[in-house]
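Me: I am new to reading protein models. Please take me through this one by question and answer.

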Amino acid sequence: MIATPHWLASEAGAKVLRRGGNAIEALVAAGAALSVTYPHFCGLGGDAVWLVADETGNAQTFLGIGQAAAAIPHGDIALRGAASTLTTACLVDSWEKVLAYSADEWGGTERLPALLDDAIALADGGFEVSRSQAFWYEFRRNELSGWPGFTGLFRSGGAQHQPALARTLEAIARQGTREFYEGALARRIVNGLAEAGSPLSATDLAATRTDVAAPLQRAYRDTILLAPPPPTQGITTLGIMGVLDHLPMAAFPPDSPAYYHALVEAVKQAFLDRHAIADPRFAEDASKYLLDPARLAAKAAAIDPERALPWPQDYRHGDTALLAAVDANGRCASLLQSLYFDWGSGVVVGDTGLLWQNRGAAFSIDPANPNCVQPGKRPFYTLNPGLALKDGRPHLIYGTQGADGQPQTLSLLLSLLIDHGLDPAVALARPRFLLGRTFSDSRNSLKIEENIGIEVVSALAAMGHEISTIDALSPLGGQAGVIRIGEDGAIYGAHDPRSDGGAILL
């Protein structure tokens with residue numbers, strides 16, 4: 001099975017699985033296609049975080065996260081435009097690393113040129129603009145004229161063609177992934193960035209490499225949850241679930257105020273620690289401390305079952321795309337690709353067709369902050385794809401779009417799947433919440449989809465939650481995907497009804 005937020009990307013990956021390819025190979029093909037069909041959320045000018053596991057539960061993470069430029073501009077960090085293009089893009093390099101792992105560990109035989117065929121055809125031949133792209137194009141319409149190279153390339157409806165991106169993909173297919181970082185294509189990228197005013201140099205691009213690391217893990221009920229390590233917020237998702245592990249979530253009806261209150265309060269307890277997450281090459285790795293069982297138990301005990309805790313967190317926004325796959329051998333992969341904000345920096349790089357990310361906007365300029373910007377440093381990272389093992393074997397493959405909303409949505413989904421045994425499609429359609437500010441509401445309120453019902457909304461408000469209702473299946477609720485492998489080997493899965501894709505079972 002493969003699940004992505006766009007049917008054309010799902011089909012690109014399904015082709016690979018049909019011809020005997022493995023889960024990693026399928027997601028390279030699907031991810032490349034999604035970089036074309038979901039340009040507002042991900043692309044070759046962005047990053048990727050992978051979490052993969054074979055049928056025995058042997059797991060690995062690949063952190064395809066670009067690093068900060070060697071020459072950091074002084075002053076505040078811009079949110080958009082060339083001044084926000086402070087980090088390199090590592091998605092393309094991650095393809096090389098995961099395909100090498102696929103060949104060495106899983107016997108994979110697929111080669112990159114064949115895996116990029118569908119993406120190239122889509123960029124050249126065109127495709128119908130998705131609902132999601134149309135929404136975010138219209139949402140940013142008043143800003144677009146200030147984004148270099150953007151006007152005329154992307155649209156809010158009709159057929160979308162990206163011939164320049166097709167030529168870039170062809171160069172990578174022909175010359176290999178390092179063409180993006182050290183070849184003729186790299187020189188065009190650097191020139192385009194320089195023309196826009198970016199501080200990134202040829203040396204910065206050439207230094208970009210994917211890190212390989214063991215995943216973090218924590219037990220939840222009868223499963224072992226896996227998450228990528230810092231600088232990602234995978235530790236936050238595990239922290240929330242560690243708090244929930246001390247609460248009777250299965251005893252709360254999943255449509256009750258008590259259930260949502262427990263979830264929201266567990267999120268708050270874990271988010272209080274999120275400021276400590278940073279690049280462990282530059283700051284202390286807080287993983288062991290933040291996931292200490294006694295610490296999580298104390299956080300659970302601090303939750304008042306009748307009263308909401310104030311929300312003190314700064315808002316981080318960003319958008320991402322989740323792709324998940326399991327192959328015929330039971331090996332699986334969970335992948336998140338991102339440009340950070342919707343449409344990234346808004347900068348189209350020269351004649352390459354690349355839309356560059358603004359992940360550097362996640363840095364702080366406070367020298368006392370563990371996430372303070374430094375040359376060569378990776379920023380705090382919202383991407384955290386997940387896997388869950390049961391009896392030592394892959395059981396759940398999951399992840400979501402949504403920056404701050406990622407661990408919030410994942411905690412809801414994991415509890416619905418594990419505590420209440422819901423089918424993935426049913427869990428994905430359940431009402432979501434999002435704590436904190438959003439693009440359209442600057443209050444630190446609890447946004448909750450209105451189909452939760454007025455009774456639940458009123459009860460949560462009586463507990464002290466400041467409620468803002470949002471539309472059912474709102475784009476603000478994120479786009480998640482789940483694949484579940486049963487004990488009998490049966491596979492169930494779906495992608496979010498808020499997305500433009502779904503799961504294909506082969």
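Me: Which residues is Arg430 in contact with, leaving aside its neighbours within four places in sequence?
Reply: This is a predicted model, where local features need pLDDT of at least 70, side-chain atom pairs count only at pLDDT 80 or more, and totals for chains, interfaces and linings use all residues. Residues are numbered from 1 along each chain as its sequence is written, and side-chain values use heavy atoms, with hydrogens and water left out. Contact means heavy atoms within 4.5 Å. With neighbours within four places in sequence set aside, the list for Arg430 is Pro254, Asp255, Tyr260, Leu416, Leu422, Glu449 and Arg498.

Me: What is the nearest side chain of opposite charge to Arg430, and how far away is it?
Reply: Lys and Arg count as positive, Asp and Glu as negative; His and the chain ends are not counted. A salt bridge needs a side-chain nitrogen of Lys or Arg within 4 Å of a carboxyl oxygen of Asp or Glu. Arg430 is buried (under 20% relative accessible area; exposed is over 50%, partly exposed in between, with a 1.4 Å probe and protein chains only). Arg430 has no salt bridge, and the nearest side chain of opposite charge is Asp255, at 5.3 Å.

Me: Where in the chain is Arg430?
Reply: Helices (H or I, at least four residues) and strands (E, at least two) are DSSP runs, numbered from the N terminus. Arg430 sits in the loop between helix 16 (424–429) and strand 15 (433–435).

Me: Is Ser474 buried or exposed?
Reply: Ser474 lies in the loop between strand 17 (467–470) and strand 18 (480–485). Beyond four places in sequence, Ser474 is in contact with Glu449 and Arg498. Its relative accessibility is 5%, so Ser474 counts as buried.

Me: How many salt bridges are there?
Reply: Apply the 4 Å rule to the side chains. The count comes to 29 salt bridges.

Me: Which residues are linked with Arg80 in a network of salt bridges?
Reply: Glu143 and Arg140 form a salt bridge, with the closest N and O atoms 3.0 Å apart. Arg140 also forms a salt bridge with Asp342, at 2.8 Å between the closest N and O atoms. The network links Arg80 with Arg140, Glu143 and Asp342.

Me: How far apart in sequence are the parts that Arg140 and Asp342 tie together?
Reply: Arg140 is buried at 7% relative accessibility, and Asp342 is buried at 0%. Arg140 is in the loop between helix 6 (131–139) and strand 5 (159–160). Asp342 is in the loop between strand 10 (332–340) and strand 11 (348–349), so the pair ties together parts separated in sequence by 202 residues.

Me: Which strand holds Lys390, the partner of Asp222?
Reply: The side chains of Asp222 and Lys390 meet in a salt bridge of 3.4 Å, N to O. Asp222 is partly exposed at 45% relative accessibility, and Lys390 is partly exposed at 22%. Asp222 is in the loop between strand 7 (216–220) and strand 8 (223–227), while Lys390, 168 residues apart from it, is in strand 13.

Me: What should helix 1 span, by its number of residues?
Reply: The expected span is 1.5 Å times one less than the number of residues. Helix 1 (residues 7–18) has 12 residues, and its end C-alpha atoms are 16 Å apart.

Me: Which residues touch the most other members of the largest nonpolar core?
Reply: A nonpolar core is a set of buried Ala, Val, Leu, Ile, Met, Phe, Trp, Tyr and Cys residues joined through side-chain atoms within 4.5 Å. The largest has 77 residues, and its largest share, 11 residues, comes from helix 2 (residues 23–37). A second, separate core of 56 residues includes Ile235, Met249, Tyr398 and Met463. In the largest core, the residues that touch the most other members are Trp50, Trp95, Phe180 and Trp356.

Me: What distance separates the centres of domain 1 and domain 2?
Reply: Domain bounds come from an automatic or database domain assignment. Domain 1 covers 2–212 + 318–362, and domain 2 covers 217–225 + 235–315 + 389–501. The contact takes 34 residues from domain 1 and 28 residues from domain 2. Taken over C-alpha atoms, the centres are separated by 27 Å.
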